[in-house]
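User: Could you help me take a close look at one part of this model? I would like a connected walk through the details.
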Amino acid sequence: MRPIKTCMIAATFALSAGAVLAQGIDDPTRAEYFEAFKGKTVAYVPVAMGFDLTEGWAAGLKEALEPLGVKFEIRDPNWSTDAGAQAITSLISEKPDVLVVHNPDVQSYARLLKKAEEAGIYVVQVNMRSSYSTDAFIGADYVGMGGQIAERLVEICSPANGGSGKIAVTQGVLTAAASAYQMKGIMDVLAEHPEIELVSNQAADWDATKARNIAATVIQQHPDLCAIAGFWDVMDVGTGAAIKESGKDVYLITQGGGNQSACDGLENGTYSEVVVYNVPGQARDMANMIKQMLQLKAEPGSMKTTLFTQLEFLTKDNMQPGSCWKMPSQQ
Amino acid sequence: MQGLGRLSQEQIVFGLALLLCAGFAVMLPGFLTTNNLLNLVRSVSILGILGVAMGLVVIGRGIDLSLVALMAISVAWTLQLVANGMSLPQAVALGLAFSLAVGMINGILIAYVEIPAIFATLAMGIAIYGFGRYFLFTLDVIYMPESAQALQWIGQGSLLGIPAPILAFIAVCAAATLFLRWTTYGRYLRAVGDNLPAARITGIPARPIIVLQYMISSLIGFAAGLVTAGSIASMNTRVANSTMVYDIILVVVLGGIGLSGGRGNVRNVVVGTLLIGVLLNGMTIMNIEYTLQNVIKGVILLTAIVIDTILNPRDEQTAQQGDI
């Protein structure tokens, strides 16, 4: 009997061990990971919904966070700074876990963002930052970007390289971070290049019609204008239209989130060059940042992280089929 | 002052525009060239076209605050339809029909339901913008699709060296002048604007005329929208939230069309538009900072109104009820 019993016990052990291996072993961090996101809320206050940047960020955040059980809420102030401030104020009392804010200018939301952090809400700022730094900023390094753009302009327009040395700048809203910081970057570089003359520096309020009229007048007044730097591709369809209409060879360098419309614009010659901060990439950065915050559970406002987005300088020559991204509605 | 006393506001504004022109011509090389002057008029021609639409409504003693929202939404919808694969003429027809239908609803609300024009059109503008953004398309800037390229001529083309938007402006002005001067309905419109009860007693179909006036305004608005879309290869529906509609009213009032109705002509709109055009063009050439531009614009407009008030003081006859 004894040998049979031993054999049976041995067989049982062997079987159960084999069974464990066949079923796999559990990842010890998994439960904790998913637990960290259960019942959490992320609120998103863009400048407005309805254009490529804000729609792209929303889609990316939704895609990354909702499968984890995070509730994702959008408050759309539709270009009204007042409505945005109200949305943030009411969110402070509703206490979501994370607040994602896209600032219309550097001042308006500064105190509210501080209050939100004090109320225990993590605050993530995207692309246009406020003068108050919060837990995280994800977006383009506008000062550096302005510098790089100015250097491209110097390269293209310097009389040493056969250009006329005359350039123009079309800003967005003057007080927006994208305009104010970038202008500093541009002016710093131009200060070292007296051969480059900034003949026009105007604000078009992110509006294509205003951008068109400004460009038309500047080109008319300076027929030897070499290049225009515009601060947003959606606005610069107007600048591009004015250049086409004038029949002059003016280099248009613009910037944006790298939506398909930017590649279309390069393809049909509306833009000469587009500086791209990749929107899906920014959305992923934000989602990762939020995941980290919710797992680390640090005190809101105790850590300040800046993640500058890598820039890509797209032209018709280096552009590839996958260079730009599409929104669901464009597919 | 006695000699100046006979100058109308229109003449004062025209004089101011000429004065500015002369000043810029002396100070700014390149201002008084054919190209720049064409460019100047071209940049305000859309404002001018919308001014004519608003002017007609104001002459009929109304106001159309939904003008810009309706223009943006109906033309953006047209572009969206083309992008979705509809043929261009069909999409334009649908956009126009939508625009006219909304104009008619405006008119009915004002003429038959007797809601004051300022409230009816204010609410309609907000409703139309929301309706468009929610039901008709999701993005707030609609790009012109390849298949709608034919539309680009009206915004970017030119004939005999004159840019198409200027031609559109001239055409709209001419049509509106003919309408006001030579057609029965044009005269009815002015009569209704001047004195509604008297017009009704004499047998003029006052209510249908009011409906007509809002339909005309939405028709001209749609045309202005097509010119806008053509010239920047896209339609930005955000203009519905901008101060553009006030700029339009400003052009109308500045040119001398009284908000009390019955007075004024298309010529007034042209003069008001020119003053704004000269100002904007000169300041852009001088590369004046944006915020300072607003100050200068405001001061010059105030000056024009102050001069008018001094030369043409209000009395019981001119200060009609409804003059804002």
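Analyst: Happy to! Please keep in mind that this is a predicted model. B:Ala233 counts as buried because it has 26 C-beta neighbours inside 10 Å, and the cut-off for buried is 20 or more.

A:Asp205 belongs to the loop between strand 7 (197-203) and helix 8 (208-221) of chain A. With 16 other C-beta atoms within 10 Å, A:Asp205 is partly exposed.

Now to strand 3 of chain A, which covers residues 98-101. A:Val98 and A:Val100 point one way from this strand, while A:Leu99 and A:Val101 point the other way. All of these residues are buried.

Strand 3 of chain A has a partner in strand 1 (residues 41-45) of chain A, with four bridges joining the two. These strands run parallel. Within this pairing, A:Val45 has A:Val101 as its bridge partner. Strand 3 of chain A also pairs with strand 4 (residues 122-126) of chain A, in the parallel sense and over four bridges. Here A:Val101 comes up again, standing opposite A:Gln125 in strand 4 of chain A. As background, the strands of a sheet pair through backbone hydrogen bonds, in either a parallel or an antiparallel way.

Helix 5 (residues 110-118) of chain A comes in next: together with strand 3 and strand 4 of chain A, helix 5 makes a right-handed β-α-β unit.

Finally, let's step back to the whole sheet. In chain A, six strands form an open sheet in the order 2-1-3-4-5-11, with parallel pairing. Its edge strands are strand 2 (71-74) and strand 11 (305-308) of chain A, each of which pairs on one side only. On average, neighbouring strands of this sheet are turned by 15° against each other, direction ignored.

Note on methods
Residues numbered from 1 in each chain as written. Chains lettered and ligands numbered in written order. Predicted model: local features only at pLDDT ≥ 70, side-chain atom pairs only at ≥ 80, totals over all residues. Buried ≥ 20, exposed ≤ 12 C-beta atoms within 10 Å, placed from the backbone. Pairing = 2+ DSSP bridges. Right-handed = clockwise from strand over helix to strand, strands pointing away. Axes fitted to C-alpha atoms, helices over the stretch in contact; angles between N-to-C directions.
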